[in-house]
Amino acid sequence: MAARSSRFHRQVKPLYARSGVPEVWRVDLTVRSIAVRRDPAPGGYRTADVVPPPDHLSPVAFSDLLVPVDAILG
């Protein structure tokens with residue numbers, strides 16, 4: 001199931017980018033990290049980062065907000 005889900009997200013993310021969604025976070029509990037895609041373009045997102053704990057994330061829409069990765073991963 002995880003491989004199918006991962007394949008689905010790889011196919012759908014370019015659709016999000018083409019639609020102008022500014023940022024996508026994909027939480028991966030198996031490796032305890034968050035994949036962050038930003039800077040949408042017609043072919044997909046221009047930037048991709050993997051953020052592990054104990055790092056923090058800042059959503060594009062709320063750049064002054066710091067979200068601990070551990071708080072999302074539980």
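In which loop does Arg32 lie? In this predicted model, Arg32 is placed in the loop between β1 and β2. The two strands, β1 (residues 23-28) and β2, pair in the antiparallel sense over 6 bridges. Among the paired positions, Arg26 has Ala35 in β2 as its bridge partner. The hairpin has 4 residues between the strands, and within the hairpin Arg32 adopts a positive phi near 50 degrees. This is a positive value in a residue other than glycine. With a relative accessibility of 35%, Arg32 counts as partly exposed.

Strand β2 spans residues 33-41 and includes Ser33. Ser33 has a relative accessible area of 8% and is therefore buried, the cut-off being under 20%. When neighbours within four places in sequence are left aside, the contacts of Ser33 are Arg26, Val27, Asp28, Val50, Val51, Pro52 and Leu73. Asp39 is also located in strand β2. Although not a glycine, Asp39 shows a positive phi of about 65 degrees. Asp39 counts as partly exposed, at 36% relative accessibility.

A cis peptide bond runs from Pro53 to Pro54, with omega near 10 degrees. Pro54 belongs to the loop between β3 (44-51) and β4 (56-57).

On the surface, a nonpolar patch is formed by Val27, Leu29 and Ile72, which together have about 250 Å² of accessible area. Val27, a member of this patch, is also one of the residues in contact with Ser33. Ile72 is part of helix α2 (residues 69-73) and, at 32% relative accessibility, counts as partly exposed.

Key:
Residues numbered from 1 in each chain as written. Predicted model: local features only at pLDDT ≥ 70, side-chain atom pairs only at ≥ 80, totals over all residues. Heavy atoms only, no water. Patch = residues over 30% accessible without salt bridge, like charges linked within 9 Å, V, L, I, M, F, W, Y side chains within 5 Å. Areas by Shrake-Rupley, 256 points an atom, 1.4 Å probe, with all protein chains shown as cover. Salt bridge = Lys/Arg side-chain N within 4 Å of Asp/Glu carboxyl O. Buried < 20%, exposed > 50% of the residue type's maximum accessible area, 1.4 Å probe, protein only. Contact = heavy atoms within 4.5 Å. Pairing = 2+ DSSP bridges.
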